[in-house]
Amino acid sequence: MQYVSTRGASPALSFSQAVMQGIAPDGGLYVPETFPQVSLSDIAALAGLPYDKRAVKILAPFVDFDLPTLEKMCAEAYCQPNFDHPAIAPTTQVGEAFHLELYHGPTFAFKDMALQMLPRFMAHALKASGAKEDVVILVATSGDTGKAALEGFCNVEGTQVVVFYPDGGVSPTQKLQMITQRGDNCHVSAVYGNFDDAQTGVKKLFASEEFAAQVKACGGKLSSANSINFGRLVPQIAYYFSAYADLLNLGAIKLGDEVDFCVPTGNFGDILACHYAKNMGLPVGRMLCASNKNNVLTDFINTGVYDKNRPFHKTTSPSMDILVSSNVERLLYHLLGEDGQKVAALMDELAATGRYELPEEAKNELQSLYYAGWADEDAVNEEIATLYGEGHVADPHTAVASRVWRAQKKAGDASCVIVSTASPYKFSRAVLSAIAPLRVGEDELALAAQLEEVSAIPMPEKLAELANLPVRHGGVCEKEAMGQTVLDFLR
Ligand SMILES: *Cc1c(COP(=O)(O)O)cnc(C)c1O
């Protein structure tokens, strides 16, 4: 399998090369040249396998190394106690919907599903290439990617990780997780600004030849652990197949029935992995793209116009507080007949004006594949309370998706899987204030303990430890100084 750039002006690469490269030299993102096909009988066979073996079956055609290596990677990543649930990514029924729980990994958010694999891909590629330089992984995070990348790469030989998060733009638990990170190769800084500032800053560094030369002088070569890296997307495809297999096991569907997926969306990586699963033959009905008050994607899908010129809102679902969703570029590539020049033209327009409009045909295809909706903060709080009434405690991101699903559901719909992306413990304050009276002024651990009382879900051990860990990364920088900050870390 070869990987090509969405902007069509960079050479095709192997999987390992694409993972190491991160973003293509022409500024595009790598996409597979074709999609491997998975038959219904292959899907039926997944039902009898544990999660790591399901993942092997789905990932194998994408990677460029041997099967035993992939089997070892999946077995080491998707195991207990690395994940705190024997099924790794269980699917459970909640009311009339199903929840695919992707938050049982070491950092309690779905990013672990991919970021427990990406470092293994990179370490393997590094070894195979005999590279002498360290890979310097730059990450912009809206809260969850940062910690998941730090955990995934912690003490992985030949790698340095530098994480930037928006100052005041992540939840207290997310911040605490990052600033207490151990590992000599782990570096973290806050940035004055919002997530888009941090993400734009990182993209500028990737595009700068001068910066690449400075990093090289420090013995490094840049790469990315954000979902612009194709190595992030491929492990995510597997859990859509796995959820389908779970529904077969639960007797909720028959083989071949279509299933809808409702995905709380920010950078469009998670839902794009669903799209890829559909391309590979998974019977996916509708893909429901759920947004919070930062509803740029709702408008894009409903009108064909992408327009980031709008106010930025801070919400209780910070990992979705995004106005420029990177992976939409991959979607455009598929909607525009895989024409890199057309993609490049729209991306140039976005950079220059903050806006672009899809041609009619592409818009129609987009709307035939996706449904879009959004939920404001009151609706999210109501949804957390409604789900609590159904015996389930959801985090605010999952609640956004559940609300969007609930608002449009009608009799006769296909079964719907709501992608459940974070543990409620990561957002204790927001969850508690929606379901139980909140005693103001309490610290995060006290809030988590309160949540444990009302939810009857045990608090993750790693979360309980957090409050006692020393702060190792307290710095903040201006967005113009991100490059200098990276160089200071490396020297
Ligand atoms: C990252 C994240 C999302 C959004 O996923 P994208 O792939 O960026 O669309 C949703 N929920 C949580 C909890 C996240 O961490």
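Which space is taken by the ligand?

Reply: The space taken by the ligand is the largest cavity; a molecule sits in a cavity if more than half of its atoms lie within 2 Å of its grid points. This is a predicted model, in which local features need pLDDT of at least 70, side-chain atom pairs count only at pLDDT 80 or more, and totals for chains, interfaces and linings use all residues. Residues are numbered from 1 along each chain as its sequence is written, and side-chain values use heavy atoms, with hydrogens and water left out.

A cavity is a set of points, on a 1 Å grid over the protein atoms alone, where a 1.4 Å probe fits but cannot get out; lining residues have an atom within 4 Å of a point. The largest cavity has a volume of about 270 Å³, the space filled by probe spheres set on the points. Its lining holds 25 residues, of which Phe110, Lys111, Gly266, Asn267 and Ser319 are the closest to its centre.

Around the ligand stand 15 residues, and Lys111, Asp144, Gly266, Asn267 and Asp270 come nearest; a residue counts here if one of its heavy atoms lies within 4 Å. Polar contacts are pairs of N or O atoms within 3.5 Å. A ligand nitrogen atom is 2.9 Å from an N or O atom in the side chain of Thr421, while a ligand oxygen atom is 3.2 Å from a polar backbone atom of Gly269. Taken alone, the ligand exposes 380 Å², and the protein buries 98% of that, by the Shrake-Rupley method with a 1.4 Å probe.

Note on methods. On a 1 Å grid over the protein atoms alone, a cavity is a set of points where a 1.4 Å probe fits but cannot get out, and a pocket is an open set with protein on both sides within 12 Å along at least five of seven lines; lining residues have an atom within 4 Å of a point. A polar contact is a pair of N or O atoms within 3.5 Å; within protein, one must be able to donate a hydrogen and the other to accept it, and residues adjacent in sequence count only if both atoms are side-chain atoms.
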